[in-house]
Amino acid sequence: MSNERDTTRIVRSWLEEGADRIPDRVLDVVEARLHATPQRRAGWLARRFSIMNRTTVRYGLGAAAIIFVLVLGSRFLPTSNTGGPQPTPTPTPEPTPAPLTGTDRNLAAGTYRAGDPFLFPLEATVPAGFRGHIGGPYYVDLYPDSRAGGLFFIVFDEVSVDPCDASKGMTTVPATGERGAKTAADLVTALSEMPGIEVSDVSDVTVSGYTGTSLTITAPDSFAGCNLGPDGYVLWRLPLRANFAMTEGQVYRLWVLDVVGPRLQQDQRLVIMLDETGSNETQRAELRAVFDSIRILPAS
Amino acid sequence: MSLAVATGDRLHAVAHRILRDTDLAEDATQQALLAIWRDLPQLRDPARFEAWSYRLLVRACYAEARRSRTRAPNLRLLPTDEPMAGDALHSIHDRDQLERGFRRLSVDHRAVVVLHHYMDMTLPEVADALGIPEGTVRSRLHYAMRGLRAALDADARPPVREVAQ
């Protein structure tokens, strides 16, 4: 029989085993998610302000903030190029969004949520006359029934070495972020260096609280002389080997965002692609409105 | 930055010992750090930061443990390739029995054991961190240690052949 002292000694010894260092990837994820995590207002501050010395209040909050900076390090301070904490989605009083499903179907006007299995849960509001579905972990689409363009949410790491020459195959976009993280900048660089593709209107953006880069890519006016494969002028390939191609002179507007996936190891980029091919002014306005309604939700 | 890492390490170490699972502990630590950030403006007394952070961490551990029950019936064992900590840990059997006994405890009970016996917090400090009366801490600790002692004593009994389920 163990006596109490033995048990305590053994338990204490046993508890000494185990992890005692926080993995960098956990800190990376926290850092990424801070941008989309609004701080709660200090209700007690408003209530107590009248009986507390202003300096005391300021000192207390300041000290707490300093502690947190010490806890998490300066890595979590806003970076200069973002100009401060990222804007976060404003809660709306709309009804619960309807789930987008794996079946491509007509959608009634309203807000839809693309959840599992897509890697990055998100919501968007569509007008009447739209279709959409979740094509798997790496693909969601929302597009007008007329099929004049659409919005596509895609995740990929492979791009064509040369879209004009299928024999050169695909290459994996380098991951040059901290500790090998995949960054939006890596993908933007890869697209910018892709032969034959014209890249324009490059700018830093924030979409639903996530930072990234927007750019316009334009395919050559002619593919004459190209050695194309069965899928045509392929730019990139999704992980499940679905190729994305462009037609001659086609234009895509891309938002490449740094988004952290639902699991710690899934640091990823989310690409939102706006295709306005064949759309009229009204349809373009609708697509833009759908884009403006996008809310990328925290992964849970 | 060294202090930052040290504090993150401290939270993660506690989560790992409460949950006994690497993935769950990482998720709990992550959630706790985000909760700390989110609720920081509501912290009235900066001097209570440490105790407050433990409370958020234990909440996150509780949530992760609850989620894990829907994900998988069993938690994964800690890696066993680390050196034994001294001669107090008599055998692999002790370790296994402790592991099993510990898993039978609720997160509430585990938290008290870890904060008191691993973090060396006094019972009033544990009570303050968890936001519960000191008597409750004492009771939970007693119950938990009794369970662990029973688990260790089971090791001394004649081995029982396990029947495959």
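Setting aside neighbours within four places in sequence, B:Ala15 touches B:Ala25, B:Ala28, B:Thr29, B:Leu57 and B:Cys61. This is a predicted model, so keep the confidence values further down in mind. Several of those partners turn up again in the largest nonpolar core, which counts 104 residues: B:Ala15, B:Ala28, B:Leu57 and B:Cys61 are the ones that touch the most other members. As background, nonpolar side chains tend to be buried together in soluble globular proteins.

Still in chain B, have a look at B:His116, which sits in helix H5 (residues 107-118). B:His116 counts as buried because it has 23 C-beta neighbours inside 10 Å, and the cut-off for that is 20 or more. Beyond four places in sequence, B:His116 is in contact with B:Met121, B:Leu123, B:Val126 and B:Leu141. Take B:Leu141: it is 25 residues from B:His116 in sequence, with 8.5 Å between the two C-alpha atoms.

Over in chain A, there's an open sheet of 4 strands in the order S1-S3-S4-S16, with mixed pairing. Its edges are S1 (98-99) and S16 (295-296), each pairing on one side only. Strand S4 (residues 122-126) runs antiparallel to S16(A), and 2 bridges join them. In that pair, A:Leu122 stands opposite A:Ile296.

Now for the confidence in chain A:

| Part of chain A | pLDDT |
|---|---|
| Residues 43-88 | under 50 |

For residues 43-88 of chain A, the model has 48 contacts beyond four places in sequence.

Methods. Residues are numbered from 1 along each chain as its sequence is written. Chains are lettered from A and ligands numbered from 1 in the order in which they are written. This is a predicted model: local features need pLDDT of at least 70, side-chain atom pairs count only at pLDDT 80 or more; totals for chains, interfaces and linings use all residues. A nonpolar core is a set of buried Ala, Val, Leu, Ile, Met, Phe, Trp, Tyr and Cys residues joined through C-beta atoms within 7 Å. A residue is buried if 20 or more other C-beta atoms lie within 10 Å of its own, exposed if 12 or fewer, and partly exposed in between; C-beta atoms are placed from the backbone. Two residues are in contact if their C-beta atoms, placed from the backbone, lie within 7 Å. pLDDT is the predictor's confidence in each residue, from 0 to 100. Two strands pair if DSSP finds at least two bridges between them.
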